Structures are given as C-alpha cells and as structure tokens.
Amino acid sequence: MWLLTHFARSAERRRDWQAALDRWRGVRTRWPDFDEGHCGEANALRMLGRAEEAGSLLKSTLERLPDQRRIWFEYGLVAEQLDDWSEAERIWRALLQLDDMNWRGYTSLFEALYRRKAFDDADALLVSMVLRFAEAPAMLAIVAEMAMRPHISIGDRTLDELDRLLDAAVANLDTSPE
C-alpha cells in the first residue's frame with residue numbers, strides 16, 4: 001500500500017492530475033476501506049474540474065465509512081468548489097460531530113454560513129470558537145480576522161474577551177533573539 005500511495009502522491013506533486021487520478025483509483029480499488037485512496041481520487045477529480053464526480057464518489061463512500069473524518073473533509077471541499085453552501089454547512093457540521101476540535105471544520109463552517117448570509121449563526125459560531133479555542137492563539141487570530149467581516153457582530157463582551165486572550169498570548173511570546 002505504501003508504495004502505491006507514494007506513487008500517487010508523486011503524480012500530485014507534479015500536478016499530473018490524470019496520472020494521480022489513475023493511481024489513486026488503483027489504491028481505492030485495491031484497498032476499499034483505506035480512506036486515503038478515496039480522498040486522493042476525489043482530490044484528483046476536483047483538480048481536473050470534475051467536482052460532481054468527486055462528490056458522488058465521496059457520498060457513496062460515506063454510506064460505507066460514515067466515521068471517516070478525512071472523507072467528510074474532502075467532501076466539504078467538493079461542496080465549496082460547487083458553491084453549494086447549504087450542503088457545505090451540513091458537511092462541516094457532520095465533521096464537527098466527529099471531531100469537535102477540528103479548527104478547519106469551524107473556519108469552513110463559518111465560511112458556509114457567511115456565504116449563505118446566515119450572519120446570526122456565523123456570529124454565534126465565532127462566539128463559541130472564542131470559548132473553545134481560548135488556549136490557541138493562532139486560532140484566536142483567525143477568529144479575530146473573521147469577526148472583522150461586514151455583517152458580523154459578535155458583541156462587545158466577546159470582542160473584549162478576544163482582545164484579552166490575544167493580549168495574553170502576545171505577552172507570552174518569547175521575544176528573545178536567537
């Protein structure tokens with residue numbers, strides 16, 4: 001398996017998406033329960049402009065392997081590429097049910113809500129992210145950036161808490177020259 005996945009990745013690195021598709025399809029066919037084969041094939045399909053096919057592959061895969069986070073993640077990327085923001089919201093919520101600390105799931109869910117103009121839900125998500133990621137300064141910086149978008153208003157109390165957490169993170173930075 002290792003050799004065939006490496007072979008498929010080498011085609012991806014060269015951006016030879018047709019070769020990558022063929023190679024990942026071989027991996028998926030030989031090891032149907034190996035999530036990386038499904039994800040690799042779907043990614044190659046997306047890169048070839050065949051997002052609908054990628055979505056069909058991943059949807060059928062999720063019927064067999066519903067707990068595979070990587071497959072949900074790739075499926076979310078397909079929905080985004082297709083500008084299907086309602087489906088993207090559903091997918092990112094499903095991923096977060098499996099992995100409630102997946103920062104990319106949260107940022108992608110925010111994007112889906114924002115694109116759907118569900119601003120109140122996007123606001124509420126950002127507030128929950130401040131609480132969930134209080135110990136993760138990089139994530140808080142991303143939340144602060146998202147909070148600056150038009151139509152987003154997470155409230156003064158949450159903004160104050162976000163500022164306090166970011167100030168504490170900056171104060172703890174090691175600024176000694178090395």
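## Polar contact at Glu-80

A polar contact is a pair of N or O atoms within 3.5 Å; within protein, one atom must be able to donate a hydrogen and the other to accept it, and residues adjacent in sequence count only if both atoms are side-chain atoms. In this predicted model, such a contact joins the side chain of Glu-80 to the side chain of Trp-92, at 3.2 Å.

Glu-80 is located in helix α5 (residues 69-81). Glu-80 is buried yet has no salt bridge, and Arg-104, the nearest side chain of opposite charge, is 4.3 Å away. A salt bridge requires a side-chain nitrogen of Lys or Arg within 4 Å of a carboxyl oxygen of Asp or Glu. Buried denotes under 20% relative accessible area, exposed over 50%, and partly exposed the range in between (1.4 Å probe, protein chains only).

## Basis of the model

The model is predicted: local features need pLDDT of at least 70 and side-chain atom pairs count only at pLDDT 80 or more, whereas totals for chains, interfaces and linings use all residues. Residues are numbered from 1 along each chain as its sequence is written, and side-chain values use heavy atoms, with hydrogens and water left out.

## Overall architecture

The protein chain contains ten helices and zero strands; helices (H or I, at least four residues) and strands (E, at least two) are DSSP runs numbered from the N terminus. The C-alpha trace spans about 55 × 45 × 25 Å along its principal axes. Of the 178 residues in the protein chain, 46% are buried.

## Salt bridges

The count of salt bridges comes to 16. One of them pairs Asp-35 with Arg-70 (3.7 Å, N to O). Asp-35 lies in helix α3 (residues 35-47) and Arg-70 in helix α5, so this pair ties together parts that are 35 residues apart in sequence. Asp-35 counts as buried at 11% relative accessibility, while Arg-70 is partly exposed at 41%.

Glu-89 and Arg-93 also form a salt bridge (3.0 Å, N to O). Both residues lie in helix α6 (residues 85-98), four residues apart, or about one turn of the helix. Glu-89 is buried, with 14% relative accessibility, and Arg-93 is partly exposed, with 38%. Elsewhere, salt bridges that share partners join Arg-9, Asp-35, Glu-36 and Arg-70 into one network.

Methods:
Lys, Arg positive; Asp, Glu negative; His and termini not counted.
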